[in-house]
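Trainee: Could you walk me through a few spots in this model before I start on my own?
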Amino acid sequence: MGDDSPSEHPGFERLTFGPREEDDVKLPEQAEGHSFRVYRASDLVLVRNTGEHPLWVRGRSLESGAFLRMRERQQILLPGWNLTCEDLIFFLNVKLTGKSPAIFLAKTEEGLASERARSRQSEVRIRFGLNAEVEALRPTELSVDGRGRLIPGKPIHCPHHERLTDPAGFSTSLDVLRRRRAEAGGRFRLEPDQRDFRVSNDPSVLESGDLLLAPGLAPRVVLRVRFDLERRTGDVFVREAEGSVTADGVPVKSSVPLREGSIIRLSRTQALRCRFSEGIIDEERNLIESIRLQDLIHEFVPGTRALDNVGFEAGRGEMLCIIGPSGSGKSTLLSVLAGQLEPSRGRVLLNDASLYQNRLELVRFIAYMPQEEALNPQLTVREHLRHATAMRRPSLPSEEVGRRADGILAELGLQAIARRRVGSPGEKTLSGGERSRLNLGLDLGSGAEVFLFDEPISGLSSKDSEHVAETLRSLARDKIVIASLHRPGASVMSLFDKVLLLDTGGRVAFFGTPAGMINYFRDVAAELGISHPSVAADIPLGADFVFDVLETPLAHIGGGQNPSAARRFPPSFWQDRFESEALVDSLGDAAPPSRIERLGNSPVPSAHGPAGIGAGMKRAFSVFATQFQRSLLSKVRNRGTLYSTLLEAPLLAVLIGVTLRSSPEGAYEYPTALHLPAYLFLSATVAMFLGLTNSATDILRDRPILRRERNSRPSPALYVGAKFCALGLVAAAQCLAYTAIGHSLLEIRGTIPSQWLWMTLTACTGTGLALLVSSLVKTERAALTAVPLLLVPQMLLAGALVPFREMNRGLFENSGVERERGGTPFPSRFMPLRHAYEAMVVTQATRNPYEIERIRIQRRVDAIKEMPNPLEPAVAERLQLMLVALVKLGAAEANSPGDASHLAEKITTLARGGTRLEIESIKVQSKDPTARPISEFFVNNRIDLLIREAETFRVDYRNEDEPRNIFLGLKKPLGGEWIETLDYDIAVLSLVMLTSAAATSLVLGLQNRRTR
């Protein structure tokens, strides 16, 4: 290869990109002076810059004549055209095979659409080869920009970056169509890739799709921004501005053109960055100019320092790397910088304002990625990024959140797996590099200005490590990025502006530039007589060389006979040496001025987001909706939940129903069923069990996500509320399956909806108790152990397993009266399961179709009896008719539950408004010998007996002086009045549920604020 290229090598394919006609693929006119060649052998793709200007490949500059290996999803950035590695492979395949894939464009009711095959509606055919061929199949208004309208039979050959337009203003590039064909298989709707919207910090002038800026950071401004997604160009128009507006440093009077990366500055602290390649305009609040540590000391145990007099400074636009051996305090230092671990001594300053004195105001500007993964196995890659962006920017509309999530997908190179579920690490659904990039990307959609990453490349290959580091480099364009790394390679280290080297015990061994660190330790090695093979061989030195010098073993002295492998120089030596040298340097030349001017006017930034009650409610709803969707998807997609809903609840219903289906004699009959009370008790127990087990570990599993979102300060109440709603829906589905099957087996009719609601409320109460436990314990084992501790006492004190009259007398306040006359033990009053069981028994006794109609008539009779005598003739007549109706209702017969329910309703209707003739003429006796009294379809003797006995105790004359709370009584005394038992029980269960939710929110809020 005399020309230093692989073109002559057998097996290599070659492709040229340039502005000339003889090039294989023609570049846009804007790319004048750019050209390159692409080579491929097997899976290896190489790019050689053959142009005059450097090529930018994912943040790297490729000089003229240089080679670079292209990796998956890497991009070549050219004026007017961006090409990914996948695009290069497409063109190589076209040249190799000679095949040009095609699509057909047709007009539909929804607009212009692409199809894989030609149809009667097809207007245009586009073939995608090294250049595109566009041919009209019928008269059309479409045209290729700059080449005129398409004419049938006259195909146009043009580069892929040309545009397809129509007179209505539609415009899209052929390259976008080619890429969408590959993604969608050739069938999709065509949408223009131009955007036009308003930008303002005044919400009154904006509509849906416009961009609302955070108020208070700049004078009132109303802008119109228009940009072309494919060309990466646009314009900004100033409609109203009370202050100055500049674009790339040029004052904007009316309008100026924009390009990819342009900065529209509205004030010193607020700007808009044009990210046309990702389809968004990003608001940047440049409020944090610097982060500075002063003499930081932290001790977990008195006398043992994890950080020892750490001090450094990083400014906006800089990327700092923290390296050091295990146990050197890297993670501790990041926790301190994140505002989550207050140091024992020293200060962390943001813009010269103390972080821990202004913590609530400042932590929202800091995004922290700890080492642990904050990924949900049940969510897809795109759902993770969308939810994370919505949580961190709740004021953004849904469409903008989606665009930002798609932009992050492109930035991380994860578009190909966007719809793939993450899965657990052991499932290998994603590779280690993909998981790390996704975990890193969760914070990229936030409005933070300081980004902290703890070991973001730990366990990754060198290729994936470079990708992650390049992503961090692009993030540091106008932010502060600090990352801890263990032993970074030379290529990764070179991407950082500064490096902080910590030694054991959190002592600073060096702070400066990466090149300065290498030179420092090379000089130290020469000075101390430390030999290293890399120095002798004149090999480029990296972090490994630094660690070898830092940890030079004492065993090298004395012929290597020291088995303890102690270090030759302790951490205190390196700390003292660096501090001494830094002191000497400080007495010499002054430090170079910072390239970022300090923000002197307002050291403590103002709050993010639009102000006002309406905006606050909108943000709260956005957070709630995101939390709810995340929780519900996590539950619904979990196989355990599926098995619990489809198998556990129905199987329990079948087991309980079949076992308890028994009558005293002969075949099973509902009115004489022996175990209806036991069934209702077990139903309440199952509901409580489902609520407890569904939720016992939920918050524990969300801990990594909650810690990750801690600085964005989402309301714990919104999280708990969303979790409650999601788990409540799951519990409702489980209880419905149980109730439908259990009631069917035991022939319980007419009360399925009401009993299902009681079971659901009981399950939600269990959910509240379990979430509280989950917020307090630290392990899943402890949470699951708490389930029987919560359930068993409730079962014992519910009044079903052991009757209250047979319980220990010491549990009653006045055992002589309470124990013998239907009272409840004192601890039982606080047991939710007891109230659930009582409510279900009372519901079964009073809310079945027969009793509902009887009670409706009886209440009207009681109301008339309360009237003063003598009664009016019409009222007295109605009373007599109702008494007759009650007699007929008790004597009524029917052949089926449906007929029985219909007959009971008819009798009640006539009793309340019918004539004597209608009531007396209604036939309630059936000549069919198989007919049964209608009460037998709905009333169970055991349930009825329990209620009658309780009512006997409740209306006992001996209780008149001091009304007592009787178990299973139809009414409860409260504040001198009697209230319905069902209302009382629902109030108790709701109070327990809401109290548990409030306590859980309080616990999570305290945990979020804890810094020690």
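Predicted model: local features only at pLDDT ≥ 70, side-chain atom pairs only at ≥ 80, totals over all residues.

Trainee: Okay, which helix holds threonine 846?
Mentor: Threonine 846 lies in helix H22, residues 832-846, where helices (H or I, at least four residues) and strands (E, at least two) are DSSP runs numbered from the N terminus.

Trainee: And is threonine 846 buried or exposed?
Mentor: Threonine 846 is buried, with a relative accessible area of 8%; buried means under 20%, exposed over 50% and partly exposed in between, using a 1.4 Å probe and protein chains only.

Trainee: What does it touch?
Mentor: Leaving out residues up to four places away in sequence, threonine 846 touches Glu851, Ile852, Ile855 and Leu970, contact being heavy atoms within 4.5 Å.

Trainee: Switching topic, how do E42 and E43 pair?
Mentor: Strands E42 (971-974) and E43 (977-980) pair in the antiparallel sense over four bridges, and two strands count as paired if DSSP finds at least two bridges between them. They form a hairpin with two residues between them, and glycine 975 in the turn has a positive phi of about 60°.

Trainee: What about the open sheet, which strands stand at the edges?
Mentor: Its four strands run in the order E15-E14-E17-E18 with antiparallel pairing. E15 (148-149) and E18 (171-173) stand at the edges, each with a single partner strand, so one side of each is left without a neighbour in the sheet.

Technical notes. Residues numbered from 1 in each chain as written. Heavy atoms only, no water.
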